[in-house]
Amino acid sequence: MFTRLHSAGIFGIEAYMVEVEADISVGMSAFDIVGLPDAAVKESRDRVRSALKNSGFKFPGTRITVNLAPADIRKAGSMYDLPSLLAILNATGQLMPQIDLDECAFIGELSLDGRLRGVNGMLSMVIEAKRNGIKRFFVPEQNAYEASVVDKIEIYPVRSVSQLVSFLSGETSILPMASPDIKQVSERSPCPDFSDVKGQAAAKRALEIAAAGGHNVLLIGPPGSGKSMLAKRLPGILPSMSFDESIETTKIHSVAGTLPTDIPLITTRPFRSPHHTVSAAGLSGGGMIPKPGEISLAHNGVLFLDEFPEFSRQAMEVLRAPIEDGNVTISRVNGRLTYPCEFSLVAAMNPCPCGFFGHPKKKCICSPLAVKKYLGKISGPMLDRLDIHVEVPAVEYDELTGKADGETSADIRARVEKARKLQQERYKGTGVNCNARLNSTLIAKYCVLTETATAVLKSAFERLGMSARSYDRVLKIARTVADLDGSEMIDVNHITQAIRFRSLDRKYWDEL
């Protein structure tokens, strides 16, 4: 006997529909799964057999063939356990459904006793199922909250095979999951506030500019000066996430398996801070079927690389193309996947191995060769891609013991959102949403300088020996500073701020 059920699969962060076909035929007892399955899918034969037996059903002693179509896409993971089991029950007459199975889709990993376990990538699969006309989606209880974000499709949380079969047979009921109120969905841990930071006015201003224009930042300073503290507060002044950004970010974390079960939708900007021992594959993503790496998990948020020179050269250089393109492509034998990775990069470093090179009060114990070797770990092309360079000096005693009277993150975010709104209106229809993403054509069109500002930029370009990329970066930063001031033209004070935040590399690297 033959039967067919609907399911879904994941390729990258996008989903596709899968038809799970089961055929029961006369012959020697055998259970085959075809349709380009990986090892985890092949192992489902044992899980399905045990789950059937321990749920009170009979496993047929005939030839069973389960096909996962389309057969030209590799199927990975344990998500096809549940639809395979149901297809076998339906084909052998042990399931007498009282609802139209053509309107349903099923996903879930089975334990040996018939309980369901959660799977990754649920949000993408529900969105694809809705697009293909599926009206009911049966998912493990652990995934139901995440799946319920999608409206106009009924999500049924399932605990076990017995419960689901009883429901499909009309014997019991399962209430569909209610959609959460997106406006009330929030993360459990709020972002720390900028008002906690004492002193460091220049660094705060740099991060405000970075947030307003989507720029990358390099923080240089001695140990304990507050570089990490500042970086951790950057997500709190970034513009609030739109619903589309939340969906895309949640899809990435769901596929990677990093989405908490009690958070259906990521509504705050991600903050990722991988250790400096992370590999290039850990940053970019990888595996036989590539999963998202740290740079994709930071999509629409912040990627913080502390102790930047301690990262391997290979890990550092893998960042270069994604910073420019906003996506990362991973090629493997099993497929070529592209993940989005538009993030604000914050790199923090000491000026030397001991951390006190150039310190006004503490003596550096590093040799000139050690300082040169340490700073030389960051290549010129990588340094060029860090838009803003800012020094974070040690905090003075009076600043540290004084009363905290700095602006709150909410105050700064209000200015940032106003500047971002100007940029979105200005670049409407261009595919660009912030100043950091401007190409040469858009720079020439929108980064218009006054005569005095042009003269200042020309003088700085010749004096500092800027590269063409540095020149573009200065114009983008100046455009952001002007947006924060509400000015359409880039004036002298805007260009001088931009140059000041692009000249710190001359203090350190030009001495090498």
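**View 1. The buried residues of helix α21 in the predicted model**. In this predicted model, helix α21 spans residues 492–500, and its buried residues are His494, Ile495, Gln497, Ala498 and Ile499. The elements that cover these buried residues of α21 include α7 (201–213), α19 (451–464) and α20.

**View 2. The packing of α19 with α21**. The axes of α19 and α21 lie 8 Å apart and form an angle of about 20°; because angles under 35 degrees count as roughly parallel, α19 is described as roughly parallel to α21. The crossing of these two helices, α19 and α21, is right-handed. On the α19 side the contact is made by Thr452, Ala453, Val456, Leu457, Ala460 and Leu464, and on the α21 side by Val492, Ile495, Thr496 and Ile499. Sorted by class, the residues of the contact of α19 with α21 comprise eight nonpolar and two polar residues, with no charged residue. Ile495 and Ile499, which take part in this contact from α21, also belong to the buried residues of that helix.

**View 3. The packing of α17 with α20**. Helix α17 (residues 409–426) packs with helix α20 (residues 468–485) at an angle of about 115°, their axes being 8 Å apart, which makes α17 roughly perpendicular to α20. The crossing in which α17 passes α20 is right-handed. Arg415, Ala419, Leu422, Gln423 and Arg426 of α17 make the contact together with Arg479, Asp483 and Leu484 of α20. By class, the contact of α17 with α20 holds three nonpolar, one polar and four charged residues. Helix α20 is also among the elements that cover the buried residues of α21.

**View 4. Phe106 in the largest nonpolar core**. The largest nonpolar core has 103 residues, and within this core Leu86, Phe106 and Phe308 touch the most other members. When residues up to four places away in sequence are not counted, Phe106 touches Leu5, His6, Ser7, Leu82, Pro83, Leu86, Leu101, Phe137, Phe138, Leu164 and Leu168.

**View 5. Ser312 in the loop between β14 and α12**. Ser312 lies in the loop that runs between β14 (302–305) and α12 (313–317). With a relative accessible area of 34%, Ser312 is partly exposed, because this class falls between the buried limit of under 20% and the exposed limit of over 50%. Leu164, one of the residues that Phe106 touches, is 148 residues from Ser312 in sequence and 50 Å from Ser312 in space, C-alpha to C-alpha.

Note on methods:
Residues are numbered from 1 along each chain as its sequence is written. This is a predicted model: local features need pLDDT of at least 70, side-chain atom pairs count only at pLDDT 80 or more; totals for chains, interfaces and linings use all residues. Side-chain values use heavy atoms; hydrogens and water are left out. A nonpolar core is a set of buried Ala, Val, Leu, Ile, Met, Phe, Trp, Tyr and Cys residues joined through side-chain atoms within 4.5 Å. Buried means under 20% relative accessible area, exposed over 50%, partly exposed in between (1.4 Å probe, protein chains only). Contact means heavy atoms within 4.5 Å. Axes are lines fitted to C-alpha atoms, for helices over the stretch in contact, and angles run from 0 to 180 degrees between N-to-C directions. Helices (H or I, at least four residues) and strands (E, at least two) are DSSP runs, numbered from the N terminus. Angles under 35 degrees count as roughly parallel, over 145 as roughly antiparallel, 65 to 115 as roughly perpendicular and the rest as oblique. A crossing is left-handed if the near helix is turned anticlockwise from the far one by less than a right angle, and right-handed if clockwise. Ala, Val, Leu, Ile, Met, Phe, Trp, Tyr, Cys and Pro count as nonpolar, Asp, Glu, Lys and Arg as charged, and the others, Gly among them, as polar.
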